[in-house]
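This report is for a reader who has not seen this structure before. Please look over the sequence and the model first.

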Amino acid sequence: MSDDQLLYGINPVQAALQQAGRVKELLLVESELSERLSQLAVQAQQSSVRLRRLPRAELDRLCGGDRHQGVVARVAAVQTQRLEALLAQLRQPTALVLVLDGVTDPHNFGALIRSAAAAGCQAVVYGRDRSCPLTATVARAAAGCLERVALCPVVNLSRALRQLKEAGLWVYGLAGEQAASLYATDLAGPVALVVGAEGKGLRPAVRSECDQLLCIPMAAAVESLNVSVAAAVALFEVVRQRVAAGGRQEK
């Protein structure tokens with residue numbers, strides 16, 4: 001996001017208000033406020049955030065017709081993290097990192113961030129030049145989770161995977177063909193889960209850096225899942241195994 005970006009939707013704006021200094025201005029619809037919008041107004045006033053009321057048509061114009069739920073905020077940029085700093089902070093043996101190879105759809109990108117946060121990932125690592133930017137659409141799809149997981153853009157994803165392996169993580173790539181079953185693989189240790197672009201999957205250079213490729217067994221009539229759905233299934237299988245094991249293994 002740029003230094004002065006629009007953010008809209010109740011959950012994303014509420015999450016941003018919880019970060020001191022992130023919201024510069026809160027714009028609310030002029031009509032009677034719902035209970036949740038009234039709560040946002042109180043939060044803004046308590047944080048000394050400038051508050052304005054605008055006609056719904058003006059909010060529609062600002063959001064380009066996207067559904068804003070009666071609230072728009074002008075916010076500071078989302079803070080991303082350097083990979084080196086992430087590696088220094090990774091908690092062994094509890095590390096869980098989601099890696100995105102070329103996910104360009106903002107709705108999928110946001111949904112992936114939300115799933116990563118829900119599964120307790122320490123970070124989402126993605127190619128800086130092979131992913132969509134952190135737009136308001138991404139933030140809305142993330143439903144308030146953009147600030148709940150470290151976001152780590154990298155120049156070279158293959159190099160980043162090598163660094164994650166050197167830090168002790170097992171790198172698993174999701175692939176639909178000739179791969180081991182997700183459910184038959186021990187995922188209780190420190191894990192980096194790699195998912196590929198919509199319709200294209202993992203690039204060869206990224207595949208070659210994975211310790212193992214995994215697939216999600218499905219009924220024969222279904223060829224594949226949406227990337228954000230597949231990632232969520234895999235992430236929560238990691239969580240399930242860790243809970244069942246009662247601990248994690250180090251590499």
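## Basis

The structure is a predicted model. Residues are numbered from 1 along the chain.

Strand β5 (96-101) is mostly covered, with 6 of its 6 residues buried. In a regular strand the side chains alternate between the two faces of the sheet. Both faces of β5 are covered: Leu96, Leu98 and Leu100 are buried on one side, and Val97, Val99 and Asp101 are buried on the other.

β5 pairs with two strands described here. It runs parallel to β10, and 6 bridges join them; valine 99 stands opposite valine 194 of β10. β5 also pairs with β6 in the parallel sense, over 4 bridges. There, leucine 100 has tyrosine 126 in β6 as its bridge partner. Together with helix α5, the strands β5 and β6 make a right-handed β-α-β unit.

## The aromatic pair

How many aromatic pairs does the structure hold? The structure holds 1. The ring centres of phenylalanine 109 and tyrosine 126 are 5.2 Å apart and the planes are at 75°, so the pair is edge-to-face. Phenylalanine 109 is in helix α5 (residues 106-118) and tyrosine 126 is in strand β6 (residues 123-127), so the pair links distant parts of the chain, 17 residues apart.

Are these two residues buried or exposed? Phenylalanine 109 has 0% relative accessibility and counts as buried. Tyrosine 126 is also buried, with a relative accessible area of 5%.

## Helix α9

Helix α9 covers residues 227-245, which is 19 residues. At 1.5 Å a residue, α9 should span 27 Å, and its end C-alpha atoms are 27 Å apart, which agrees. Just after α9, glycine 246 takes a positive phi of about 70°.

The buried residues of α9 are Val227, Ser228, Ala230, Ala231, Ala234, Leu235, Glu237, Val238, Gln241 and Arg242. An α-helix has 3.6 residues a turn, so residues three or four places apart point the same way. What covers the buried residues of α9 includes β5, α5, β8 (170-174) and β10 (191-196).

## Helix α1

Helix α1 (residues 10-17) is largely enclosed by the rest of the structure, because 6 of its 8 residues are buried. The buried residues of α1 are Ile10, Pro12, Val13, Ala15, Ala16 and Leu17.

Which elements cover them? The cover includes the strands β1 (5-8), β2 (23-29) and β4 (71-75), together with the helices α2 (35-46) and α6 (136-142).

## Cysteines

A disulfide is a covalent bond between the sulfur atoms of two cysteines. The structure holds 0 disulfides. Cysteine 132 is in no disulfide, and the nearest cysteine sulfur, that of cysteine 152, is 16 Å away. Cysteine 132 is buried, with a relative accessible area of 10%.

Cysteine 145 counts as buried, at 13% relative accessibility.

Terms used. This is a predicted model: local features need pLDDT of at least 70, side-chain atom pairs count only at pLDDT 80 or more; totals for chains, interfaces and linings use all residues. Side-chain values use heavy atoms; hydrogens and water are left out. Rings of Phe, Tyr and Trp (its six-membered ring) pair if their centres lie within 6.5 Å; planes under 30 degrees apart count as stacked, over 60 as edge-to-face and the rest as tilted. Buried means under 20% relative accessible area, exposed over 50%, partly exposed in between (1.4 Å probe, protein chains only). The expected span of a helix is 1.5 Å times one less than its number of residues. Contact means heavy atoms within 4.5 Å. Two strands pair if DSSP finds at least two bridges between them. A crossover is right-handed if, with the strands pointing away from the viewer, the path from the first strand over the helix to the second runs clockwise. A disulfide is a pair of cysteine sulfur atoms within 2.5 Å.
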